Amino acid sequence: MEKAITEHDERLWMEGDEEFHRKLAEFANNNFLREAMDNINIYISMIRNRYSKRNTESRETSTMQHRETWEAINAGDADYARMLVQYHWRFVRRRIMQKH
């Protein structure tokens, strides 16, 4: 995703964003979460297309939030990772509400 930001490649960013969410669900080793992500991925994709595709600031912020979340997971800090995911959800919700 960071390479996509640097290269200003919207398509590459959207693919990276989708891959991040898929890997996050796989990494959790939770079948329920993996199936839930599979089921809601179409909605996430619609949000990604509508609100992030042409918004460089939103893509940059999401990329930073994803990197911080992944770093917390790799450090074994589940509580911090959970807090970052919840913050990311609130960020996305605010962005959507601002557009309406």
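This is a predicted model: local features need pLDDT of at least 70, side-chain atom pairs count only at pLDDT 80 or more; totals for chains, interfaces and linings use all residues.
**Close-up views of pockets and aromatic rings**

View 1. A pocket here is an open set of points on a 1 Å grid over the protein atoms alone, where a 1.4 Å probe fits and where protein lies on both sides within 12 Å along at least five of seven lines, and lining residues have an atom within 4 Å of a point. The volume is the space filled by probe spheres set on the points, which are joined across faces, edges and corners. Of the 33 residues that line the largest pocket, H21, M37, V85, H88 and W89 are the closest to its centre. Two or more lining residues come from each of helix 2 (10–27), helix 3 (31–52), helix 4 (56–74) and helix 5 (78–99), and helix 5 gives the largest share, twelve residues. Helices are DSSP runs (H or I, at least four residues) numbered from the N terminus.

**View 2. The second largest pocket.** About 200 Å³ of space lies in the second largest pocket, whose lining consists of M1, E2, G16, E19, F20, K23, T63, H66, R67 and W70. Helix 2 and helix 4 each supply at least two residues of this lining. By class, the lining has three nonpolar, three polar and four charged residues, where Ala, Val, Leu, Ile, Met, Phe, Trp, Tyr, Cys and Pro count as nonpolar, Asp, Glu, Lys and Arg as charged, and the others, Gly among them, as polar.

**View 3. The aromatic pair F20 and W70.** A search of the whole structure finds two aromatic pairs, counted for rings of Phe, Tyr and Trp (its six-membered ring) with centres within 6.5 Å, with planes under 30 degrees apart called stacked, over 60 edge-to-face and the rest tilted. F20 and W70 form an edge-to-face pair, at 6.2 Å centre to centre and 70 degrees between the planes. This pair links F20 in helix 2 with W70 in helix 4, 50 residues apart. F20 is buried, with a relative accessible area of 12%, whereas W70 is partly exposed at 29%; buried means under 20%, exposed over 50% and partly exposed in between (1.4 Å probe, protein chains only).

**View 4. The aromatic pair F27 and W70.** The ring centres of F27 and W70 lie 5.4 Å apart with the planes at 55 degrees, so this pair is tilted. F27 is partly exposed, with a relative accessible area of 48%. Together, F20, F27 and W70 form one aromatic cluster.

**Notes.** Residues are numbered from 1 along each chain as its sequence is written, and side-chain values use heavy atoms, with hydrogens and water left out. Local features need pLDDT of at least 70 and side-chain atom pairs count only at pLDDT 80 or more, while totals for chains, interfaces and linings use all residues.
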